[in-house]
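The sequence and the structure come first.

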Amino acid sequence: MKQYLIFTITFLISSLFILNVFSQNLSLGLPEDIDGYNKWIRLNKKIIRPRAGDPHRGFKRVYVNKTKKELVTGKKLNFPYKDGTIIVKEVREASKQNSKIVLISIMRKLPGNESTGGWDFIEYTRSSQDDSFIPLQFPQEACYSCHQGASNSDSVWTKFNNF
Ligand code: HEC
């Protein structure tokens with residue numbers, strides 16, 4: 001009886017462990033420091049819709065791990081962004097909040113990225129809803145070459161307008 005109980009407990013604990021590892025995989029291969037990003041402040045009040053020449057095609061919401069107080073003084077936006085800032089652009093297939101996410105682009109403000117405006121750039125994509133995200137092999141300099149066009153707003157195109 002006692003052995004049976006020990007077996008059951010061990011079985012339950014290992015199942016939980018396996019389930020946990022599995023759900024982490026399903027949590028999609030995205031980095032931990034952006035966990036819960038969709039609860040962060042959104043920079044764009046309206047969803048950015050696909051348009052001609054769209055650099056990251058889809059319906060976009062852009063989030064930042066800062067408070068409104070850190071982002072704005074009155075109606076004036078505070079630049080530059082501080083070290084530790086993370087900006088996540090979520091790109092969905094359709095405008096609905098629960099439609100498929102096709103791309104996650106991330107900019108992290110970190111010391112030592114002098115050649116890319118102080119930002120670390122990376123993007124993740126996946127081939128189907130059930131697959132994990134995988135990082136795209138795209139040189140950061142190529143991201144920055146376009147983002148430096150937004151030099152008035154610290155290389156970030158989307159300006160906070162979610163007052
Ligand atoms: C050809 C220009 C271009 C290139 C190349 C580009 N971006 Fe962007 N990116 C934009 C524009 C424009 C926006 C504003 C939102 C939109 O319309 O997509 C943007 C938005 C973003 C945002 C949200 C913050 C912001 O600036 O608005 C992130 C994060 C981002 N891009 C990451 C990347 C990464 C990572 C790469 C390289 C893998 C990259 N971008 C390459 C033009 C570009």
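How many bridges join β1 to β2, and do the two strands run parallel or antiparallel? The strands β1 and β2 are joined by 2 bridges and run antiparallel. The model is a predicted one.

**The sheet**

These strands belong to an open sheet of 6 strands, in the order β1-β2-β5-β6-β7-β8, with antiparallel pairing. At its edges lie β1 (41–42) and β8 (134–135), each of which pairs on one side only. In general, the strands of a sheet pair through backbone hydrogen bonds, in either a parallel or an antiparallel way.

On to β5: 6 bridges join β2 to β5, and the two run antiparallel. Val64 stands opposite Ile87 in β5. Of the 6 residues of β2, 5 are buried, so this strand is largely enclosed by the rest of the structure.

**The ligand shell**

The ligand is surrounded by 21 residues, and the closest are Ser105, Cys143, Cys146, Trp157 and Thr158. By class, the shell around the ligand holds 14 nonpolar, 4 polar and 3 charged residues. At least two shell residues come from each of β2 (59–64), β5 (86–92), β6 (101–109), β7 (119–125) and α3 (140–147). The largest share is that of α3, with 4 residues.

**Backbone details**

The peptide bond from Phe79 to Pro80 is cis, with omega near -5 degrees. Pro80 is found in the loop between β4 (76–77) and β5.

Two residues in the segment after α3, Asp154 and Ser155, have a positive phi although neither is a glycine. The table gives their values.

| Residue | Phi | Other C-beta atoms within 10 Å |
|---|---|---|
| Asp154 | about 55 degrees | 18 atoms |
| Ser155 | about 65 degrees | 24 atoms |

Why is Ser155 counted as buried? A residue is buried if 20 or more other C-beta atoms lie within 10 Å of its own. Ser155 has 24 other C-beta atoms within 10 Å, so Ser155 is buried. Asp154 has 18 other C-beta atoms within 10 Å and is therefore partly exposed.

Notes
Residues are numbered from 1 along each chain as its sequence is written. This is a predicted model: local features need pLDDT of at least 70, side-chain atom pairs count only at pLDDT 80 or more; totals for chains, interfaces and linings use all residues. A residue is near a molecule or strand if its C-beta atom, placed from the backbone, lies within 6 Å of it. Ala, Val, Leu, Ile, Met, Phe, Trp, Tyr, Cys and Pro count as nonpolar, Asp, Glu, Lys and Arg as charged, and the others, Gly among them, as polar. Two strands pair if DSSP finds at least two bridges between them. A residue is buried if 20 or more other C-beta atoms lie within 10 Å of its own, exposed if 12 or fewer, and partly exposed in between; C-beta atoms are placed from the backbone.
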